[in-house]
Each structure stands twice: as C-alpha cells, then as structure tokens.
Amino acid sequence: MHGILNEAAALLDRGKAVAVATVVQTWSSAPRDAGASMLVSADGAVLGSVSGGCVDGDVYELAREVLVSGVPTVVRYGVSDDAALAVGLTCGGTIEVLVRRHIAGAATGAPPGSRGPDDVALARGLAAAVGAHRPAGLATVVEHPDPARVGAQLLVVPTAQGGDASGTLGGGRLDAAVAADAAGLIGAGRTEVLTYGADGERQGTGCRVLVEVFAAPARLIVAGVTDFAAAVTTVGRFLGHRVTVCDARPVFATRERFPDAHDVVVDWPHRYLAAEVAAGRTDRRTALLVLTHDARFDVPLLEVALRSPALGFIGAMGSRRTHEDRCRRLREAGLTGTELARLASPVGLDLGARTPEETAISIAAEMVARRWGGGGGPLGELDGPIHHPPPAF
C-alpha cells in the first residue's frame, strides 16, 4: 500500500489525475481484505490489486471510466452475479469496491463527486504518515443520500497533542463523529465500514464510511505466566491487540498454556522489552502488564518500561504492600516521581473482581479508561457526552 500512496502523491504533484479502487467490504471467502487498493493512472498504468486478479480487469475498465467522468462509483462482485462470473470471481465470496478519481485541481464544471486541491494535501499527508510509521486513518464516504458527498475524504493522524484531521466529509457533525471513531480503529489497527445518519447521527442509517487504517494492531506485552496472565491474554486478543507473553521460565511459557497469545517468548522480560523498544516495535499504543509478583522480574522490567516514552500503558499487579515495596526498589534504582507516576499499580479498576477472568476485565477496563480519558464511573451517574475526544498517541 505504501507504494500506491507514494505513486498517487507523486502523480498528483505533477498535475496528473489518478483513479484509486479500494475494497470496501468483503463477505465469505473474498480474495482480498477491506482496504486492498489498485491505482490506475491517466496514461493507463496500474499498481496494486483489489482481487488478486479475478476482477481486476473489470475494475480497471471502471477506473478508466471514472477518470473521465469524475463520479465515484461503488460496485459489488459476487459469485452468484452474472457480472462476477464474467470477470472470473469464482472463489465463492463477495467484494464491494469503491472507485474514486483524485485530481490535482478542480476542473471547470466538474460533476458531483469530483474533488479538487484537497486531494493533493490528503495524498501527501497520508503518504508522509505511513512513510514515517505513524498510525493514520483515511475515512471515505461510500454511501450517502447526497450523491455529491460520496467519495469525500477525511484524514485522521493522531499526534502527541491529540487528533489531527484534515479534509472533510461534507459536514462538521459527521466529521467529528468519524474522527472520534477513527481514532478508536487506529488504536486497534483495524479497518472497518461505519454507519451513520446523513448528518453523522450515531444511531442513524443511510451514510456509510470506510475507515482505512494504516497501522499495525496495538500491542499488549504480558510479563508473567500465571492464570491471571492467561485470562488477560484472552481479553487482550478479544480487544484486538497483538499479544505477546514473555517469561524466562520455559517450563511455564508454552503455547499450550497461552493458546490466545500471538507470541510466546522465553526470555527475561526486561531484556526482551529493551530490545523491542530499541528496534522501534513499540509505540504509544503499546501496553505492558507486569503480572510476575517477583522483584527479580518486576524491578528490572519496570526500570526499562518507565524510562521509555514508547509505551502508552504500564500496569503491575500486586497487593498494596507489594506496590510499596516495588516503588521503594524503583526509587533506589534512580527512578523519579514523574516516571513512577506512569505506573498503574495495583492495576485494574475497582470492580470487586475475584476470579482471573474478572480480574482480566478489571485490568482491561483501566487500559480502556486510560486510553480514552474515561473516569471509570457508571455512565448513568455522569453528565455530558459519552464519547471522549480522540486520544494522543
């Protein structure tokens, strides 16, 4: 995808129009996932694919038409459709594809759905974010009661100061709703189609927006191999994290004990985390949970974690006595009050949890609350909006 972004930005910079076909949704055994894209330039060159070949030829011809008309077009290919069979979609699935023209400047008398100078800025902004490995989301209106708003785009690039959005979907209320929801999808590293009312009503219908997320899934690193760690691993995966379990004891750190973990690493956790941070494989969406209850593991690991800005949530399990002893050891190791303030310990919200599974929900609830700025209280006792502004990453 990075090659398509760079090529689109380069062509637009030279004043050339391009058409980009993007998979919006898939059903059953579709050949490509949502977000897969194909670029067709004005001179007929092609980059990328929406189907691995089976419907690319038909989409190519459609893209050539959209380059001339300027009108965004949504088409669906399914195995039971005559058109799909004609172009060779025999995998048994169904795909929906949006084809949109991008131009360097607004043409005189351009039809509804054509875009102008904002295309260049959005292409440059998205290419720059992806090139710098910054999480980003591109929202595109796929369906709307007003045909002129189909194809409108909003780029969301979270920053250290909060959310940074450019472009517009045609209305302030819709922009605000999509920007907030896109931040959540960016945090999870997940592309989705969202549905709203025409003006951004969350309970409405009639407007569909594809949010393409350019980010790896958020990471959850679990240090320790207890029953609580197993439950946290399951909940973390359910929330969409890429989960790594790390412990230095090979007899306990096994795939059989942690079937929901994406990775099970046998190593000293502090050494593993230091290597991941140094390699740039953690960011402000990364959460670390220290569940070892052993100062030999906890203190060296928390020294590394609390001194690294490339972690968004750092939590440690234990009693209040364990917490005080842990903080004493960390202060003796030279950590400052500011660094210690980043530690969520004892980790978890007060849910009255008892079992490992209930405790895992308590821990996950605090992770969510910290990310979105929630207070953790019952919504029924609060005033004001339920949804919080986009977080900093």
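**Cavities in the model**

Analyst: Searching the whole structure, which is a predicted model, turns up two cavities of 30 Å³ or more. The largest cavity has a volume of about 240 Å³, and its lining is made up of 20 residues, with L5, V20, H102, L138 and Q153 lying nearest its centre. Helices and strands both take part in this lining: the elements that give two or more residues to it are α1 (2–13), β1 (18–27), β5 (94–102), α4 (118–131), β6 (136–143) and β10 (207–214). Sorted by class, the residues around the largest cavity comprise 12 nonpolar, five polar and three charged.

The second largest cavity holds about 40 Å³ of space, and the residues that line it are L220, V232, V235, G236, L239, L289, A360, I363, A364 and M367. Here the elements contributing two or more residues are α6 (227–238) and α11 (356–372), and of these α11 gives the most, with four residues. The lining of the second largest cavity contains nine nonpolar residues and one polar residue, but no charged residues.

As a separate point of detail, D175 is found in helix α5 (residues 172–188), and it counts as buried because its relative accessibility is 15%, which is under the 20% cut-off. Beyond its neighbours within four places in sequence, D175 is in contact with L154, G167, T168, L169 and G170; with one of these, T168, there is a polar contact between the two side chains at 2.7 Å.

Technical notes
Residues numbered from 1 in each chain as written. Predicted model: local features only at pLDDT ≥ 70, side-chain atom pairs only at ≥ 80, totals over all residues. Heavy atoms only, no water. Buried < 20%, exposed > 50% of the residue type's maximum accessible area, 1.4 Å probe, protein only. Contact = heavy atoms within 4.5 Å. Polar contact = N/O pair within 3.5 Å; in protein donor to acceptor, adjacent residues only side chain to side chain. 1 Å grid on protein atoms, 1.4 Å probe; cavity = no way out; pocket = protein on both sides within 12 Å on 5 of 7 lines; lining within 4 Å. Points joined across faces, edges and corners; volume = space filled by probe spheres on them. Nonpolar A, V, L, I, M, F, W, Y, C, P; charged D, E, K, R; others polar.
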